[in-house]
Amino acid sequence: PAVMLGGTAEIYYAKLRRGGMGTSMPSFGQILTPEETWQLVAFLWTFVFDPDTEATDFRPGPDGPSR
């Protein structure tokens, strides 16, 4: 959780879309839609926070995610 909390939803969104630059993490920007990417970011946050929190609580707004 400490590593995850060191970033933001926007950072994780960008990493998923472009891949982990300088790492072996692939880019998913050609595979996932922007909405699917935000949904994946929301799912990843569930590993850090209360397990009773719904992933839908992290849906993106027009300017990115809202919590």
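At 12% relative accessibility, Trp38 counts as buried (buried means under 20% relative accessible area, exposed over 50%, and partly exposed in between, with a 1.4 Å probe and protein chains only). The model is predicted: local features require pLDDT of at least 70 and side-chain atom pairs pLDDT 80 or more, whereas totals for chains, interfaces and linings use all residues. Residues are numbered from 1 along each chain as its sequence is written, and side-chain values use heavy atoms, with hydrogens and water left out.

Two aromatic pairs were found in a search of the whole structure. Rings of Phe, Tyr and Trp (its six-membered ring) are paired if their centres lie within 6.5 Å; planes under 30 degrees apart are termed stacked, over 60 edge-to-face, and the rest tilted. Tyr12 and Trp45 form an edge-to-face pair, with 5.9 Å between centres and 75 degrees between planes. This pair links distant parts of the chain, as Tyr12 belongs to helix H2 (residues 9-18) and Trp45 to helix H3 (residues 34-45), 33 residues apart. Helices (H or I, at least four residues) and strands (E, at least two) are DSSP runs numbered from the N terminus. Both Tyr12 and Trp45 are buried.

Tyr13 and Trp38 form a stacked pair, at 4.2 Å centre to centre and 15 degrees between the planes. Tyr13 is in helix H2 and Trp38 in helix H3, so this pair ties together parts that are 25 residues apart in sequence. Tyr13, at 18% relative accessibility, also counts as buried.

Arg17 is buried yet has no salt bridge, and Glu36, the nearest side chain of opposite charge, is 6.7 Å away. A salt bridge is a side-chain nitrogen of Lys or Arg within 4 Å of a carboxyl oxygen of Asp or Glu; Lys and Arg count as positive and Asp and Glu as negative, while His and the chain ends are not counted. A polar atom of the Arg17 side chain lies 3.5 Å from the backbone oxygen of Thr33. Arg18, by contrast, is exposed, with a relative accessible area of 55%. The C-alpha atoms of Arg18 and Gly29 are separated by 6.0 Å, the two residues being 11 apart along the chain.

Phe47 is placed in the loop between H3 and strand E1 (60-61) and, at 59% relative accessibility, counts as exposed.

How values were computed:
Polar contact = N/O pair within 3.5 Å; in protein donor to acceptor, adjacent residues only side chain to side chain.
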